[in-house]
Amino acid sequence: MYVVTGEEMHRIDRYTMDEIGLSEHTLMENAGQAVVRQLEVMVEQNAHFLVLIGAGNNGGDGFVISRCLQEKGYRVETWVIPPASRIKGTAAHHKHIYEQCGYSFKDYESNNQLFREALASKNIIIDALLGTGVTGELRSPYDHVIRLVNESENQVISVDIPSGLPSAEGGHYTEVIKADDTITLQSLKLSACLYPEGAYYGQVTSVDIGIPNRAFIEQRVTRRLILQERVKATLATRDVNTHKGGAGKALVLGGSSAMTGAPIMTTKSCLRSGAGLVTMAVPESIHHVVTQHVIESMFASLKDDQGEILNEALKQINWAEFDGIALGPGMGRKHRLSLFEQFKDVQSSLVIDADGLYHLQKELASWRGEHRLGPTVITPHSGEMARLTGCSVEEVETQRFSISKAFAKDYNMYVVLKGPHTIVTTPSGDQWVNTTGNASLAKGGTGDMLTGMILGFLLQHEKIEDALCNAVYVHGKAADHLLQTHDIFSVNATDLISVLPKVLKSLRY
């Protein structure tokens, strides 16, 4: 499924109409009927609906929805919020069909008090007020109506997008419908993947309204959701004659006297993710600690000072021995590390996380000016991305898609921007949005565990983007699985590692 802005969706609709030949009348009819089919799954037969209709195409969808609900025997009150004379074009066409079928609507302007009384009774509100083209402050009467709806105790189901909410990044908004559910049309709208905007959508369900896939391809939409069907189809398999060397040789480089656990969790999750051989390279001063916690890996002790690896110690390692390297978990920041000089001629996959991103930020000019031989993956959270880009954390949060895309293209890196709806961005600008995970992941160590999974998956998959998408999906899926037995506050990174075998197995059938 694609993720689009309102402007992109408008271009896709126009292409579908002008080039493919599906009329706007047909698409609106399809949309309304698809929403009603979904509503039948969600509500009981005795449900009472209030359908709130605006002047644009979202309101046109509302006329189709109201008509189809009444045809199926539901009790429906239809309210047109703006003056009916403002309803034009295709929306007016479906308003005409609605009336020709013998159905009526109430006019908000002349029935304010009656509208309040309707909101006071137990109803399901269908929000078909405003679509994806909204920007800035709302005009009357929409702002007032949205406040009344939010103050009511009714279930609210928005059509396509909660009214008042921008569809893209960085949009300004004031009054927004707080939906319990949103039935989005064909494609998820980008603001559903941002926070706090995403919270207004409630539970999101997508319905197919008949727009051909070609329309998205021709309009060069490059954002998609990572769905279970894709993961199952691309999850790596193993030949019967594979040996441990053929399953990939991994190096986990990190750790310090203050953070001994981070490389341990990265190593354990890398092993659980399929790596054939894993070596953990840590400071000499903590070697005796980490060896007590991991028995399946090999170890390398590196010269350190004050409990952290020295730059000169990196020269001890023969990078060519490894198919993939993860650098940064628990590494510390006391000593300057020259990462580009070390890795520019290394063909192995390189995953940079945690403190590795701190060292990367200090030498970004080198990475931008010359690309290294092997693929580079970075896995920042919003704070780390802010330091890498010079933006504020707030800017990163409100522009997650555009900022990660610009960075990936500028530095020829794969960017895994962590958070709710983790975004995977390729150097070419393609983006994938994760659909799994929950707030239990807001805990130290879960990022270290993801780094190990990414490293392990990179060694098993032929395509880098498949490895990254599958790793973030399975990582979130493990967190979702744990909520069946754990309270959301009690999930630890080690719990995630322990359920990886069960989650992975569930995706193979």
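**Charged pairs**

Guide: Glu-29 is buried, with a relative accessible area of 17%; buried means under 20%, exposed over 50% and partly exposed in between, with a 1.4 Å probe and protein chains only. This is a predicted model, in which local features need pLDDT of at least 70, side-chain atom pairs count only at pLDDT 80 or more, and totals for chains, interfaces and linings use all residues. Residues are numbered from 1 along each chain as its sequence is written, and side-chain values use heavy atoms, leaving out hydrogens and water.

Arg-67 also counts as buried, at 10% relative accessibility. Its side chain meets that of Glu-29 in a salt bridge (2.5 Å, N to O), a term for a side-chain nitrogen of Lys or Arg within 4 Å of a carboxyl oxygen of Asp or Glu. This pair links distant parts of the chain, 38 residues apart: Glu-29 belongs to helix H2 (residues 24–42) and Arg-67 to helix H3 (residues 57–71). Helices (H or I, at least four residues) and strands (E, at least two) are DSSP runs, numbered from the N terminus.

A salt bridge also joins the side chains of Asp-355 and Arg-333 (3.0 Å, N to O). Here Asp-355 lies in helix H12 (residues 355–361), whereas Arg-333 lies in the loop between strand S16 (324–327) and helix H11 (339–343), 22 residues apart. Asp-355 is buried at 9% relative accessibility, while Arg-333 is partly exposed at 40%.

Glu-341 and Lys-344 form a salt bridge through their side chains (4.0 Å, N to O). Glu-341 is exposed at 54% and Lys-344 partly exposed at 21%. Elsewhere, salt bridges with shared partners join Arg-230, Glu-465 and Asp-466 into one network. The structure holds 17 salt bridges.
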